[in-house]
Amino acid sequence: MYRYLFFTIIFLFSGPKIFAQSWTDSEFKKANTAANADYLTNEEKDIILYMNLIRLDGEKFYNTFLQDYIDNYNAKVKKYRNYNELKITRSNTYYTSLLKHIGGIKNLSMFYPNDKLTALSRNHAQDLNRNNLETHESSNGDKFSKRLSKYFPNKTMSENIDFGYAKSLDIVCHLLLDCGVPSLGHRFNIIDQKNKLNIVGVSIQPHPSYTWCAVIDFVSQPINYTRNE
């Protein structure tokens, strides 16, 4: 949990390779819980969609979208002299451990967008941008739990922040791999079962040092609450 946080096939796959043969229309429809959240951008909606696809079938996501992300990432960093250090290999321990963690993930409950939680995510992302920060703490020193508890008191909550990406698939896969984060906190938020996290706030904003930052906040609410948002 530290730094590292239109349902049509044509729209969804304008960037990544098409995996229509692997994913069904019903799976996309089920995962696309943010389709009508007009307070989110398309990329922010797709962050929720991709996280939900992981929760629907972790191994399938690993073998489709994650492979596409790794191939694209490696192609982008190939121009750098330290390519061998930057590239993600299939022997990378974070890559190999991921399959152990999501290989058995199947039909978990979906994440649902929440407008109030998204406003909190957006405020923090804008604060990070305005003050050139890379932390879960606000510029005034408030921890994320204090920020969120003001509107979601006595709830289980967590937060992912990601730096450097503006595209939804890149953000989700970067957090899912969690390279360099021994606790794997971002990964475990996405595949959470223990804490029953089910509503999310999402915001992608510019950042002076990393170009982009994305804040994803998670809160556990009663099931009937999520469906009414």
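The following legends describe close-up views of a predicted model.

Local features are described only where pLDDT is at least 70, and side-chain atom pairs only at pLDDT 80 or more, whereas totals for chains, interfaces and linings use all residues. Residues are numbered from 1 along each chain as its sequence is written, and side-chain values rest on heavy atoms, with hydrogens and water left out.

**View 1. Helix α3 comprises residues 42–56.** Helices (H or I, at least four residues) and strands (E, at least two) are DSSP runs, numbered from the N terminus. The expected span of a helix is 1.5 Å times one less than its number of residues. For the 15 residues of α3 this gives 21 Å, and the end C-alpha atoms are 21 Å apart, so the two values agree. Of the 15 residues of α3, 13 are buried, and the helix is thus mostly covered. Buried denotes a relative accessible area under 20%, exposed one over 50%, and partly exposed a value in between (1.4 Å probe, protein chains only).

**View 2. A salt bridge joins the side chains of Asp57 and Lys106.** The term denotes a side-chain nitrogen of Lys or Arg within 4 Å of a carboxyl oxygen of Asp or Glu. The N to O distance in this pair is 2.7 Å. Asp57 lies in the loop between α3 and α4 (58–63) and Lys106 in the loop between α7 (93–102) and β1 (112–113), so the contact ties together parts that are 49 residues apart in sequence. Asp57 is buried, at 8% relative accessibility, whereas Lys106 is partly exposed, at 49%. The structure holds 8 salt bridges.

View 3. Lys146 is exposed, with 55% relative accessibility.

**View 4. The side chain of Ser97 contacts the backbone oxygen of Tyr94.** Ser97 belongs to helix α7 and is buried, at 17% relative accessibility. An α-helix has 3.6 residues a turn, so residues three or four places apart point the same way.

**View 5. Asp178 and Lys196 have positive phi values.** Most residues other than glycine have a negative phi. Asp178 has a phi of about 60° and is placed in the loop between α10 (168–177) and α11 (185–190). Phi of Lys196 is near 55°, and this residue lies in the loop between α11 and β3 (199–207). Asp178 is buried, at 0% relative accessibility, while Lys196 is exposed, at 59%.

**View 6. Cys179 and Cys213 are buried cysteines.** The relative accessible area is 13% for Cys179 and 0% for Cys213. The structure holds 0 disulfides, a disulfide being a pair of cysteine sulfur atoms within 2.5 Å.

Methods
Polar contact = N/O pair within 3.5 Å; in protein donor to acceptor, adjacent residues only side chain to side chain.
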